[in-house]
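User: Hello! I am new to reading protein models and would like a close look at one part of this one. Could you walk me through it slowly?
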Amino acid sequence: MKNNYDKMTNNTINKYDQEIPPREGFIFYRTFYEALSSMKPRAQLRLYDAIMKYSFEGVIPTDLNDEMERVFILIKPQLDANERKRQKKYKEKMSRENFFEESNEVSEKTEIYDDSIIQITNDIEYK
């Protein structure tokens, strides 16, 4: 099992965009809970901890037993998909904010006239 898991993950830390702030939370689905609920309490705790470390720090667990590893392998793709969506939304939000800032800079001119500043706004139509 360890060999298959290492091949699947390359045993590396997630490489997310460093310009995006780290996530403050993540979605924990009912199916995750149901998958863990049949495990012994200590195993549940170790796997909950592994999920948290992976979600918040990108650390891929290496110390799980076969049962925990199987469950983690099933949960990991959903965690990754949610993180990709979060990063995409963040980038879109930043590009929209940058667009509006640039638009405002382009649409306004400043002239100095008789030691006072007069602001002239261009008539720009947006479709």
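User: Is phenylalanine 56 buried, partly exposed or exposed, and what is its relative accessible area?

Analyst: Some ground rules come before the details. This is a predicted model, in which local features need pLDDT of at least 70 and side-chain atom pairs count only at pLDDT 80 or more, while totals for chains, interfaces and linings use all residues. Residues are numbered from 1 along each chain as its sequence is written, and side-chain values use heavy atoms, with hydrogens and water left out.

Now to your residue. Phenylalanine 56 is partly exposed, with a relative accessible area of 37%. Buried means under 20% relative accessible area, exposed means over 50%, and partly exposed lies in between (1.4 Å probe, protein chains only). Phenylalanine 56 lies in helix α3. The chain has four helices and two strands, in the order α-α-α-α-β-β from the N terminus on. Helices (H or I, at least four residues) and strands (E, at least two) are DSSP runs, numbered from the N terminus.

Next, the surface around this residue. Areas come from the Shrake-Rupley method with a 1.4 Å probe, and for residues only the protein chains shown count as cover.

Phe56 also belongs to one aromatic cluster with Phe26, Phe28, Tyr29, Phe32 and Tyr48. Rings of Phe, Tyr and Trp (its six-membered ring) pair if their centres lie within 6.5 Å; planes under 30 degrees apart count as stacked, over 60 as edge-to-face and the rest as tilted. By this rule the count comes to six aromatic pairs. In one of them, the rings of phenylalanine 28 and phenylalanine 32 have centres 5.3 Å apart and planes at 90 degrees, so this pair is edge-to-face. Phenylalanine 28 is partly exposed at 31% relative accessible area, whereas phenylalanine 32 is buried at 5%. Tyrosine 29 also forms an edge-to-face pair with phenylalanine 32, at 5.3 Å centre to centre and 80 degrees between the planes. Tyrosine 29 is partly exposed, with 30% relative accessibility.

Isoleucine 51 touches Phe26, Phe28, Leu36, Phe72, Ile75 and Leu79, leaving aside residues up to four places away in sequence; contact means heavy atoms within 4.5 Å. Ile51 is also among the residues with the most contacts inside the largest nonpolar core, together with Leu36, Met39, Leu47 and Ile75; this core has 15 residues. Two or more core residues come from each of α2 (30–37), α3 (41–57) and α4 (66–107). A nonpolar core is a set of buried Ala, Val, Leu, Ile, Met, Phe, Trp, Tyr and Cys residues joined through side-chain atoms within 4.5 Å. In soluble globular proteins, nonpolar side chains tend to be buried together.

Finally, the whole chain: 27% of its 127 residues are buried. The chain exposes about 9900 Å², with 51% supplied by carbon and sulfur atoms.
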